[in-house]
Amino acid sequence: MKLDGFALAATTNDLDREVDARGVADVVEFRMDSAEDPIGQLSDYEGDLPIIATNRTKWFGGEANDTGRLDRLSAASRFDAVELVDIELETARGMGWILDEFRQNDVDIIISHHDFDDTPEQDVLDAIIEQCAQYGDVAKVATYPQNHDDVLRLLKAINTASNDGIDVAGIAMGGLGSHSRVVGPLYGSTLGYAPLAEDTSEYAPGQIPVRKLAALIEALQVASEDVTEMDSLAAKLAEQQTHA
């Protein structure tokens, strides 16, 4: 699944709820680590939306046990509906064999890095995104801001990476960074995440329910396009007056 512009992922651990995401999300992030019988759910899946398979350990904010985690994720990547898999940068560095298996199964790879305590300095943040891009198709970075400067630093990193041709997803977690989920697409973030309404407390802090987030992103994009059109019109009028 090649991301073309911005895509919104609805996060859930119950694939029967995929119907709730239709018409608002572009893809479903299936949280295998908190799902009951995840492989069975994938076997029975008949939904319309493609799937991102995610199977996180507690070290990275999930619930999966280390034993067999990557084998289950590899098994998930064999299903036709699974078009992307998410694997942590730290895992990709140490276990390259799993990346080979994903590519053999013809899925795109999201390489993610999570910092639940802080936001790295600009050069470190830029380097992390570059490393994620070296291993995978999409570089995803989620950090925890202590102040608004941290959020701005993340947005700058997203913008820089996007201008360099990297498919990047950036998220500032927590309430302080929740607006980054709305404005991120304006800075080049190609992938956003939002839980279905009843799941807002189960995943990363600061998440916004999927329908609300989709509406906010759309409203901001429309406003941005209107401003761009007005600027363009003003420039044309100014040019006409100059040549009059």
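Predicted model: local features only at pLDDT ≥ 70, side-chain atom pairs only at ≥ 80, totals over all residues.
Let's start with one pairing. Phe30 stands opposite Ala53 in strand S3.

Look at the two faces. Val27, Glu29 and Arg31 point one way. Val28 and Phe30 point the other way.

What flanks S2? Strand S1, residues 7-12, pairs with S2 in the parallel sense, over four bridges. Ala9 has Val27 as its bridge partner there. S3 also pairs with S2, again parallel and again over four bridges.

Next, the charges. The count comes to nine salt bridges. I'll take three of them.

Arg22 goes with Glu18; the closest N and O atoms are 2.9 Å apart. Are the two ends buried or exposed? Arg22 is partly exposed, with a relative accessible area of 34%. Glu18 counts as buried, at 3%.

Now Arg56. This residue forms a salt bridge with Asp86, with 2.9 Å between the closest N and O atoms. The pair links distant parts of the chain, 30 residues apart. Arg56 sits in the loop between strand S3 (51-54) and helix H3 (69-76), and Asp86 sits in strand S4, residues 82-88. Both ends are buried: Arg56 has a relative accessible area of 3%, and Asp86 has 1%.

Arg56 has another partner. Its side chain meets that of Glu88 in a salt bridge, 3.1 Å from N to O. This pair too links distant parts of the chain, 32 residues apart, with Glu88 in S4. Glu88 is buried as well, at 1%. Shared partners join Arg56, Arg69, Asp86 and Glu88 into one network.

On to the nonpolar side. In soluble globular proteins, nonpolar side chains tend to be buried together. Here the largest nonpolar core has 53 residues. Which members touch the most others? They are Ile87, Leu99, Phe102, Ile111, Ile129 and Val210. Helix H7 gives the most to this core, with six residues.

Take Ile129 as an example. Setting aside neighbours within four places in sequence, Ile129 is in contact with Ala139, Val141, Ala157, Ala161, Ile166 and Val168. There is also a second, separate core of 13 residues, including Ile52, Ala169, Ile171 and Tyr193.

Last stop, H7. This helix covers residues 148-163, 16 residues in total. From first C-alpha to last, H7 reaches 23 Å, close to the 22 Å expected. At the N-terminal end, Asn147 is the cap: a side-chain oxygen lies 3.1 Å from the backbone nitrogen of Asp149. Just after the helix, Gly165 takes a positive phi of about 90°.

Which residues of H7 are buried? Asp150, Val151, Arg153, Leu154, Leu155, Ala157, Ile158 and Ala161. Keep the geometry in mind: an α-helix has 3.6 residues a turn, so residues three or four places apart point the same way.

And what covers the buried residues of H7? Among the elements are helix H6 (122-135), strand S6 (138-143) and strand S7 (168-172). Helices H8 (174-177) and H9 (180-183) are also included.

That's the tour. Questions, please.

Methods. Residues numbered from 1 in each chain as written. Heavy atoms only, no water. Helix = DSSP H or I, 4+ residues; strand = E, 2+ residues; numbered from the N terminus. Expected span 1.5 Å × (residues − 1). Buried < 20%, exposed > 50% of the residue type's maximum accessible area, 1.4 Å probe, protein only. Contact = heavy atoms within 4.5 Å. Polar contact = N/O pair within 3.5 Å; in protein donor to acceptor, adjacent residues only side chain to side chain. Salt bridge = Lys/Arg side-chain N within 4 Å of Asp/Glu carboxyl O. Core = buried A, V, L, I, M, F, W, Y, C linked by side-chain atoms within 4.5 Å. Pairing = 2+ DSSP bridges.
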